[in-house]
Amino acid sequence: MAEKIKAFFQKKKLNAKFMNAGKGHKLTESTTSTVSTSSIEPVRRVEPTQEAKVAGLAALARLEEKKNVTKFNTSYAAIKAQVKRELEQEKKAQQETQNTSRVSEEETKTPVKDNSILAVDGVYFRCPYLSNEILSKDEWKKKIKEFLYEQLKGDEAGLTACLVIRNCNTDRKKVDNCIETIGKYLENIINNPEAEKYRKIRVHNKIFQDKVLPIEGALEFLNAAGFRQIKLLHNDVEEDFLVYNPENCSIEDVVMLEEALKSVEPIPLELDRNLQVLLPMAASKRSELPPNFFNITPEEIQREQQLRTECVERNQMLRTKAMREKDEKQRLRKYKFSLIRIKFPDDIILQGTFFVHDEYVVVVEFVRENLANNERPFCLRKLAGKTFDKECLNKTLLELELFPAVLLVFSWENDSDKANESTGYLKEELLSHIKPL
């Protein structure tokens, strides 16, 4: 796994020395031809932590749920017939609802929480640097942390500690302050290699206590950079110091680590689109979004409902442009993701999850890569009739107000030629993704 750490830093091009630090070999290649296979002891498997076991069981549960989805006829003709039946049932249900009495106020005050009405059960990510698993962000944080701490025992402890500092601490400002402080320690040694005063860090120094010590990975990094803790006299009192020794880490390696520390970035996660294909009834029932689509807690969402009356009153007041812009920014900060649904003329719906800061072109490419005929030009529009043209391609979903959940209608740019009714619009293999009720 240490190769993954190296590959990460090589990709970022931190320094030529680390990128050229020796020739690697493939896992399938034998590193020696003289050793008998009978003399090689099997590698002992490291027992996973309890958190890793819980995350693994959660992932297996999701896979098992997908396996247990009810099987049904996925031929396009059968699906079209099912769509027609569902539309008729929905129309009948709407008529029955109009004829029934309204639900009492007491029943509406306590809504029932039902996961079956969620459009998606969560937001999931991939991490290409580690594996092809699809996990929640919290599960990935635990997995990345376990991976990095395991690598601290290896040969690249300094580079791994850089990643621990950046990935295993939540407060970005404190992390930046830590990196800046450690950077100054190292710069002083690099610029004054013979000056003894720059080789010592007093552990009880206030700056060290506030900015370095609380950050995960900081002490491991200093240790990899050649610092060791010893007791020295300070104002006639013995105190703990971290002292640099060039025998533990050469000046050249200190330079490399200082560059790596300043350049390190979080290990990137890629948002999984969580592609789904829905029939009309499933789409109408599964319409609610889970809490992790928002930057606010479920309690705050509930409170926001209670403040709607105040919002109406505020809108009736005379407010300055700055006041209105401030309110709008606060409104937009609530959203992190957007659920986009694309309804095709055959009433089948394609669904995907996006960042609100993704450009509209990302949605267009998502649709294109799932079309049976992906070379034919098409357009998307809102139900209200607004069509998104080429000028919208580089605008974000936030700018186009395509959040938090939006239904777009698909059509070919030239409708004179009708689509092939026997095959439909989406790729045939996507029919197996259809989620019936």
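The legends below accompany an overview and several close-up views of a predicted protein model.

**Figure 1. Overview of the predicted chain.** The protein chain contains 16 helices and 12 strands. Of its 437 residues, 34% are buried. Contacts between residues at least 6 apart in sequence join residues at least 24 apart in 71% of cases.

**Figure 2. The largest cavity and its lining.** The structure has 2 cavities of 30 Å³ or more. A volume of about 60 Å³ is found for the largest cavity. Its lining includes the run T423, G424, Y425, L426 and K427, together with L431. Y76, F344, D346 and I348 also line the largest cavity. Sorted by class, this lining comprises 6 nonpolar, 2 polar and 2 charged residues.

**Figure 3. Surroundings of N370.** N370 sits in the loop between α16 (360-368) and β10 (378-382). Its relative accessible area is 8%, so N370 is classed as buried, the limit being under 20%. Beyond its neighbours within four places in sequence, N370 contacts L275, L350, Y425, L426, K427 and L430. Two of these contact residues, Y425 and L426, are also named in the lining of the largest cavity.

**Figure 4. The cis peptide bond at P404.** F403 and P404 are joined by a cis peptide bond with omega of about -15°. P404 is located in the loop between β10 and β11 (405-412). Most peptide bonds, by contrast, are trans.

**Figure 5. Two loop residues with positive phi.** Most residues other than glycine have a negative phi. D236 has a positive phi, near 65°, and occupies the loop between β4 (227-234) and β5 (237-244). Its relative accessibility is 76%, and D236 therefore counts as exposed, for which the limit is over 50%. The phi of N274 is also positive, near 50°. N274 lies in the loop between β6 (270-271) and β7 (276-278). With a relative accessible area of 17%, N274 is buried.

Definitions and conventions:
Residues numbered from 1 in each chain as written. Predicted model: local features only at pLDDT ≥ 70, side-chain atom pairs only at ≥ 80, totals over all residues. Heavy atoms only, no water. 1 Å grid on protein atoms, 1.4 Å probe; cavity = no way out; pocket = protein on both sides within 12 Å on 5 of 7 lines; lining within 4 Å. Points joined across faces, edges and corners; volume = space filled by probe spheres on them. Nonpolar A, V, L, I, M, F, W, Y, C, P; charged D, E, K, R; others polar. Helix = DSSP H or I, 4+ residues; strand = E, 2+ residues; numbered from the N terminus. Buried < 20%, exposed > 50% of the residue type's maximum accessible area, 1.4 Å probe, protein only. Contact = heavy atoms within 4.5 Å.
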